[in-house]
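Open the model in your viewer and keep the selection panel at hand. Here is a short tour, one selection at a time.

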Number of protein chains: 2
Amino acid sequence: MVSSGPGIQKQPLHVAISQKLKEQIDLGQYSVGEQLPSEFNLGELFGVSRTTVRRAIANLIKQGIVVTQQGKGIFVSGRQKIRFSLSNPLMHFDQALQQQGYASRVKSLSFQQINASTEIILKLQLSDRTSQVYRQEKIIYADDTPIALEIDCFPAAIASPLAEALQQGFTYSTLSDNNIALKSAKVSLESFPATYELSNHLAAPLGLPILVFSYIVYGDNQQPVVCGKTLSRSDWTQYVSQIETSEAMTKKGLPIASV
Amino acid sequence: MVSSGPGIQKQPLHVAISQKLKEQIDLGQYSVGEQLPSEFNLGELFGVSRTTVRRAIANLIKQGIVVTQQGKGIFVSGRQKIRFSLSNPLMHFDQALQQQGYASRVKSLSFQQINASTEIILKLQLSDRTSQVYRQEKIIYADDTPIALEIDCFPAAIASPLAEALQQGFTYSTLSDNNIALKSAKVSLESFPATYELSNHLAAPLGLPILVFSYIVYGDNQQPVVCGKTLSRSDWTQYVSQIETSEAMTKKGLPIASV
DNA sequence: TAGTGGTCTAGACCACATC
DNA sequence: ATGTGGTCTAGACCACTAG
């Protein structure tokens with residue numbers, strides 16, 4: 001049997017079991033890659049039902065501590081987060097992955113010309129007459145593991161001549177390599193739980209926190225060249241930045257724009 | 001009874017029910033603040049067990065679409081995210097909240113002098129002899145709703161004379177107001193599912209995606225004045241930034257430091 | 001075929017809110 | 001006292017993996 005222990009604040013059984021298992025893993029009683037007892041056996045070990053064991057395991061999965069494989073078992077997952085920079089230079093995912101020792105590649109899910117929504121028209125500053133844009137969805141891999149889904153929209157003038165390259169490579173690098181300047185960007189970072197569809201794309205559990213990096217990137221003359229977002233597994237990714245404050249601004253504050 | 005529908009990819013029942021409920025809410029069949037049928041009644045409506053209804057509701061809760069209150073019911077939750085800027089000026093939470101129409105305040109959970117861990121010594125660049133630091137935990141409220149937990153560590157020389165003010169006000173504003181310059185910062189953003197303890201502090205469901213804003217802030221002469229992190233509810237908060245790329249840097253890339 | 005995780009059910013008991 | 005959500009149980013059936 002398992003209890004929440006003396007002096008500890010009252011907490012659900014499945015939380016106590018999560019912590020117990022986490023401790024055992026941290027102490028090395030189960031090492032990286034090793035298989036844990038089956039859900040049924042864990043239930044016997046802790047004296048709880050399989051349902052409760054499953055809730056405990058779900059907690060650990062969402063923390064990235066273990067992974068499950070249907071038909072095989074539960075395994076300890078050792079992993080470090082991949083860091084992406086928000087400072088200069090603008091987010092080159094492939095560079096960041098390479099620097100940190102991962103093989104990187106993309107798989108294009110779709111690439112097609114569509115009618116721009118009003119939101120896209122606004123973001124890309126399109127005139128109404130040229131409201132055709134290219135929309136792309138692709139998966140970003142690090143060492144054969146899908147870590148992010150990227151969704152981009154390009155003005156037709158940008159994407160049309162680069163259709164081939166954009167489907168095979170990373171967005172920013174492809175644009176840079178084809179002499180399209182990336183001067184500035186408005187970006188935002190937020191998080192939401194993985195939907196069912198996204199959890200399939202990223203081989204992630206439903207509800208896993210997903211980091212959303214949204215951006216509008218501007219080229220010469222403040223002209224938007226791409227807008228979109230990168231949805232990445234929060235257990236694999238982290239964004240870092242260096243901030244310099246200018247004296248004048250710190251006093252009065254600035255309006256905060258949306259992206 | 002409920003089915004996943006024709007032509008739709010096979011998906012669990014509770015996901016289908018989540019979507020069904022979300023559609024009904026989006027269509028206005030349940031408006032903001034309105035109470036949904038009870039779990040038991042929803043089970044009858046959809047022809048599924050209460051357990052399955054609960055999983056469906058859990059999905060909606062983590063998306064911030066509904067909130068539950070024990071003993072009362074399930075309610076539709078309309079809400080917009082609060083935006084915080086990563087650009088200049090350095091993240092003044094209180095300014096951002098005020099600008100966006102929220103009443104802001106903090107509640108100090110703890111404020112005490114402790115021995116710095118090696119990690120803190122490194123981050124605050126302390127000499128071994130002066131390894132005493134002040135550690136503070138406080139909750140940040142927007143309109144009486146707890147939206148973030150902030151954990152800070154200060155060098156003793158900084159925090160000692162400001163003990164009172166730091167416990168009552170926002171960190172950055174308190175430092176600024178007391179003539180401590182904030183020149184630059186190394187920051188990172190990541191996300192993880194709410195632990196049980198954190199879910200209590202923030203009145204959030206277990207596993208809700210939490211945004212983690214970590215920082216080391218430097219004053220004059222690159223001297224660290226505070227390090228810590230702000231753990232905020234992802235359904236309430238969003239970070240935005242403006243990036244300017246310098247031509248020289250975009251070509252070669254820069255090493256990516258951790259924080 | 002046997003063992004594993006994935007989904008779902010029916011029902012119990014509890015804590016909390018309301019009348 | 002009643003109705004609500006929160007937790008837990010015992011057991012069923014399925015899909016996947018492996019020998």
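Which of the 23 residues around DNA strand C come nearest? Select A:Glu39, A:Arg50, A:Arg54, B:Leu13 and B:Thr52: these five come nearest to DNA strand C. Keep in mind that this is a predicted model.

**Stop 1: DNA strand C**

Sugar or phosphate accounts for 69% of them, and bases make up the rest.

Now pick A:Gln70. An N or O atom of the A:Gln70 side chain sits 3.0 Å from a sugar or linking oxygen of DNA strand C. Move to B:Gln70. The B:Gln70 side chain also places an N or O atom 3.0 Å from a sugar or linking oxygen of DNA strand C.

Colour by element. On chain A, α3, β1 (66-69) and β2 (73-76) each give two or more residues to the surface near DNA strand C; on chain B, α1 (13-26) and α3 do. The most come from α3(B), which gives 4 residues. The surface near DNA strand C holds 4 nonpolar, 12 polar and 7 charged residues.

**Stop 2: DNA strand D**

Switch to DNA strand D, with 23 residues around it. Select A:Leu13, A:Thr52, A:Gln70, B:Arg50 and B:Arg54, the ones that come nearest.

Which atom of DNA strand D is 3.2 Å from an N or O atom in the side chain of A:Thr51? It is a base nitrogen. Select B:Gly71 for another base nitrogen contact: a polar backbone atom of B:Gly71 is 3.1 Å from a base nitrogen of DNA strand D. At A:His14, a side-chain N or O atom is 3.0 Å from a phosphate oxygen of DNA strand D.

The elements giving two or more residues here are α1 (13-26) and α3 (50-62) of chain A, plus α3 (50-62), β1 (66-69) and β2 (73-76) of chain B. On this surface α3(A) gives the most, 4 residues. By class, the surface near DNA strand D has 4 nonpolar, 12 polar and 7 charged residues.

**Stop 3: chain A as a whole**

Zoom out. Select 13-76 of chain A for domain 1, then 82-243 for domain 2. The C-alpha centres of these two domains of chain A are 35 Å apart.

Methods:
Residues are numbered from 1 along each chain as its sequence is written. Chains are lettered from A and ligands numbered from 1 in the order in which they are written. This is a predicted model: local features need pLDDT of at least 70, side-chain atom pairs count only at pLDDT 80 or more; totals for chains, interfaces and linings use all residues. Side-chain values use heavy atoms; hydrogens and water are left out. Domain bounds come from an automatic or database domain assignment. A residue is near a molecule or strand if one of its heavy atoms lies within 4 Å of it. A polar contact is a pair of N or O atoms within 3.5 Å; within protein, one must be able to donate a hydrogen and the other to accept it, and residues adjacent in sequence count only if both atoms are side-chain atoms. Ala, Val, Leu, Ile, Met, Phe, Trp, Tyr, Cys and Pro count as nonpolar, Asp, Glu, Lys and Arg as charged, and the others, Gly among them, as polar.
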